[in-house]
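Hi,

Here is the structure I promised to pass on. Have a look at it first, and then read my notes below.

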Amino acid sequence: MSKWYNVFQPIYQVDKDLNVTISHYEMLLRDENDSFPNNDFFRVIGTEEENQKWILAEKESIDQAFAKYPDICINLNIEPIQFA
C-alpha cells in the first residue's frame, strides 16, 4: 500500500457548441506500474483494520487536493465490500 498513489483524472463536459469545461475529477488509485493495484487492493480491504488504514490514506490525499484546489469536485470509486 505504501507504493500506491492517486491521480485525478478530469472528466470533461462538452456542450452543443463544442465548448469544453472540466466537470469534475475522478480519483484513481495507482501502483508503481501506473495501474490499479487489483489483487493487492482487494487483499488490503479484506480486513476492517486494513480497510480503515486505506481510508485514512485516501482522506489525506483528498485533504491535500482540497487544500490546493478548494473548489474542485472529486468523485470517488468505492467498492461495495468496503461498506460491509
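To get you oriented: in which loop does Leu 18 lie? You'll find Leu 18 in the loop between β1 and β2. Before you read too much into any of this, bear in mind that the model is predicted.

Leu 18 is worth a click for its backbone. Its phi is positive, at about 65°, although the residue is not a glycine. Leu 18 counts as exposed because its relative accessibility is 67%, where the cut-off is over 50%.

There's a second residue of this kind. Asp 34, in the loop between β2 and α1, is also not a glycine, and its phi is positive too, near 60°. With a relative accessibility of 53%, Asp 34 therefore counts as exposed.

Now the sheet. Three strands make it up, in the order β1-β2-β3; the sheet is open and its pairing is mixed. At the edges sit β1 (5-14) and β3 (74-76), each of them pairing on one side only. On average, neighbouring strands are turned by 30° against each other, ignoring direction. If you zoom in on β2 (residues 20-30) and β3, you'll see that they run parallel and are joined by 3 bridges. On that side of the sheet, Met 27 stands opposite Leu 76 in β3.

What packs on this sheet? That would be helix α2 (residues 48-68), which touches β1, β2 and β3. The direction of α2 makes about 150° with that of β2.

Is Asp 31 buried or exposed? Asp 31 is buried, yet it has no salt bridge.

What the side chain of Asp 31 does reach is the backbone nitrogen of Asn 33, at 2.8 Å. Leaving aside residues up to four places away in sequence, Asp 31 touches Lys 3, Trp 4, Tyr 5, Phe 36 and Pro 37.

Cheers

Conventions:
Residues are numbered from 1 along each chain as its sequence is written. This is a predicted model: local features need pLDDT of at least 70, side-chain atom pairs count only at pLDDT 80 or more; totals for chains, interfaces and linings use all residues. Side-chain values use heavy atoms; hydrogens and water are left out. Two strands pair if DSSP finds at least two bridges between them. Helices (H or I, at least four residues) and strands (E, at least two) are DSSP runs, numbered from the N terminus. Axes are lines fitted to C-alpha atoms, for helices over the stretch in contact, and angles run from 0 to 180 degrees between N-to-C directions. Contact means heavy atoms within 4.5 Å. Buried means under 20% relative accessible area, exposed over 50%, partly exposed in between (1.4 Å probe, protein chains only). Lys and Arg count as positive and Asp and Glu as negative; His and the chain ends are not counted. A salt bridge is a side-chain nitrogen of Lys or Arg within 4 Å of a carboxyl oxygen of Asp or Glu. A polar contact is a pair of N or O atoms within 3.5 Å; within protein, one must be able to donate a hydrogen and the other to accept it, and residues adjacent in sequence count only if both atoms are side-chain atoms.
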